[in-house]
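Biologist: I would like to go through this model feature by feature. Please give the general idea each time, then the case at hand.

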Amino acid sequence: MKPSSKIAVAIFFIGLAFQLTLQAIMRPYAYRGYLFQGWDSEYFMQTVSIEDLRNAPWESLSHIHIQPPGYDALRALLVQFWPTLEIHEALKKVDLAIYFLWAIAYSLGGVIVFLWLEQTTNKTFALVASLLFFLHPGWIYYATFLDTTLPSALLILWMFYLLWKIHQGATPTFALILVLLLLFFTRSLFQWQFIPVIAASLFLLKMPTRKTALILTIVSILFGAYLVKQKRQFDLTSTSSFTGINLTSALGVTNYDHPYAIDDFQEDPEGKLPKVLGRTYKLSETINYNNYQYLWYNKRLTNKVVKFLKTYPIRYLIENTLENLTIYFKPSSRYTTPHVIVDRLPWRNFYDRLFSTPFQPAFLLIAGGIALIEIFKKKEFAAGLALFLPAFYVFSLCVLFEKGENNRYKFFLEPVFYVFIFSQAYLLYTWVAPKVLKLTHNEN
C-alpha cells in the first residue's frame, strides 16, 4: 500500500472515531435520548412516512413526487430490518443507522480532502488540512442531521475531485457515472438541466470522446427514464414537486395560500390511492407533502409566480437576490435548530467567523484571483471554465431558488470551497516563500 493510501485509511478511521466519540459523549443531552437536533427523519418535508416505506416499500417508492427517491429508498431498506417492531421504535432504529452511515460519509469527506490536497500541495499540509476539516462545525452539524445535506456535499466534493482528476489526465468513467446518478436520485438540485452543464465540463476538460459519450448516455437514459415515469404519473418534468413552494419562498412572494395550510385536504376518501399519496399526516402529526393534492397546489403556486414575475420590478429582484446572498454567506452551522453537539464546541465561533461574511467571501475572492493568475500563466482557460461551470450552477440555484435556508444550501459547496481556498493559499506560499528567503539571505 502506498504511503498516501495508508494516510488516507488512517484519516478515515480518525474521522469515524472522532464523530462517533462526539455522539457518545453528547448523547446524554440528546432529544428523546438520541436526536442531536430535535428532528427525526420523519419530520422533514422531503420524506414520506416510515409506515408506508415498511408496509409497501415498492409501491411507496414508485409514487414519490416531492423529492428524488434516493433517501427514502435508504430508509425503506433500513426499516425492513425491524418488520415487527412498534413503528416509533423502528423509526428510532432507522435514524440511528442513518447517523452511523452519515458518520462514514463524514469520514470519507476528510479522505477526499486529503487525497485532493495531497496532489496539489504536500502530504503534511494535506494531512493537517483534512484533520482541521473534521472540526468544521458545519461538517459535524450535518453529519448528525437526518436529511441528505451531508451526503450531497460529499457527492459534490467527490464530483469536483473527479473532474480535477480528468484535468490531470485520468479517466474515472464509472466513478463519475456513479456520483452523477447518486446526485440525480438524491438531490432535487440536480435535474436534467445539469446534464448539458456536465457535458460542457467534460468537453472543456478534453475527456476522450467515447468515454464522454458513455457517461452522458448512461446517465441520460437512467435519469431520463425516471423523468418519463414522473411525467406519466404526475405530469412533472422533474423529480420534485416543490418548485412552486420554493419559488414563492425565494422571491418573497406573500400573496399566496400558506403551503402548510392543508385543512381543506382530504385523505383519499375513496381509498383508491397508494397510502403514500393519500395520507395527510405522517408520524408525530407531521405533514405528508407527498399527498396527491400537493401536485395541484404546487402547479397553482408556480402559475402565481409566473404571473408575479411579469410585474416584478428588476430593482426588487436584485434586492431580493442580494438578501438571499446575505443569508447564503452566514455560517452553515447556524441553521434554524439548536444542535446538541455543535452548540457545545469550544471552537465553533472561531470557525463560524472564518466560514462566513466577511472572511469567507474575501478568501474566495483572493483564492479566485490566485487561480486566475495561474490559469493565465499556464493558459488553462478551458479547464478553469470546466470546473467553474458546475460550481456556478449549484451556487446560482442555491441563491436564486431559496430564501431562509441559503446558508444550509451553501454547505453543498463548502467542502469544495475549503479545498479551493487551502490549495490556493499553498500556491501563494510557494510564490512568496522563495522571495522572502532570498531577501532574508541577501540582508544577512
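Modeller: Start with exposure, where buried means under 20% relative accessible area, exposed over 50% and partly exposed in between, with a 1.4 Å probe and protein chains only. Arg32 is exposed, at a relative accessible area of 52%. Its phi is positive, about 55°, although Arg32 is not a glycine. Arg32 sits in the loop between α1 (3-26) and α2 (50-55); helices here are DSSP runs of H or I with at least four residues, numbered from the N terminus.

Biologist: What should I know about the source of these values?

Modeller: This is a predicted model, in which local features need pLDDT of at least 70 and side-chain atom pairs count only at pLDDT 80 or more, while totals for chains, interfaces and linings use all residues. Residues are numbered from 1 along each chain as its sequence is written, and side-chain values use heavy atoms, with hydrogens and water left out.

Biologist: Where is Lys206 found, and is it buried or exposed?

Modeller: Lys206 lies in the loop between α10 (194-204) and α11. It counts as exposed, with 72% relative accessibility. Its phi is near 60°, a positive value in a residue other than glycine.

Biologist: How do I read the packing of α5 and α8?

Modeller: Two packed helices are described by the angle between their axes and the distance between the axes. Axes are lines fitted to C-alpha atoms, for helices over the stretch in contact, and angles run from 0 to 180 degrees between N-to-C directions. Here α5 and α8 (residues 149-167) pack at about 25°, with axes 10 Å apart. They are therefore roughly parallel to each other, a term for angles under 35 degrees. Contact means heavy atoms within 4.5 Å; among the residues that meet are Trp102, Tyr106 and Trp116 in α5, and Leu154, Trp158 and Tyr161 in α8.

Biologist: Which residues touch the most other members of the largest nonpolar core?

Modeller: In soluble globular proteins, nonpolar side chains tend to be buried together. A nonpolar core is a set of buried Ala, Val, Leu, Ile, Met, Phe, Trp, Tyr and Cys residues joined through side-chain atoms within 4.5 Å. The largest one has 126 residues, and those touching the most other members are Trp139, Met159, Leu176, Leu180, Phe184, Phe190 and Phe194. Helix α5 (residues 87-120) gives the largest share of this core, 17 residues. Beyond its neighbours within four places in sequence, Phe194 is in contact with Met159, Leu180, Phe184, Pro390 and Tyr393.

Note on methods: Helix = DSSP H or I, 4+ residues; strand = E, 2+ residues; numbered from the N terminus. Parallel < 35°, antiparallel > 145°, perpendicular 65-115°, else oblique.
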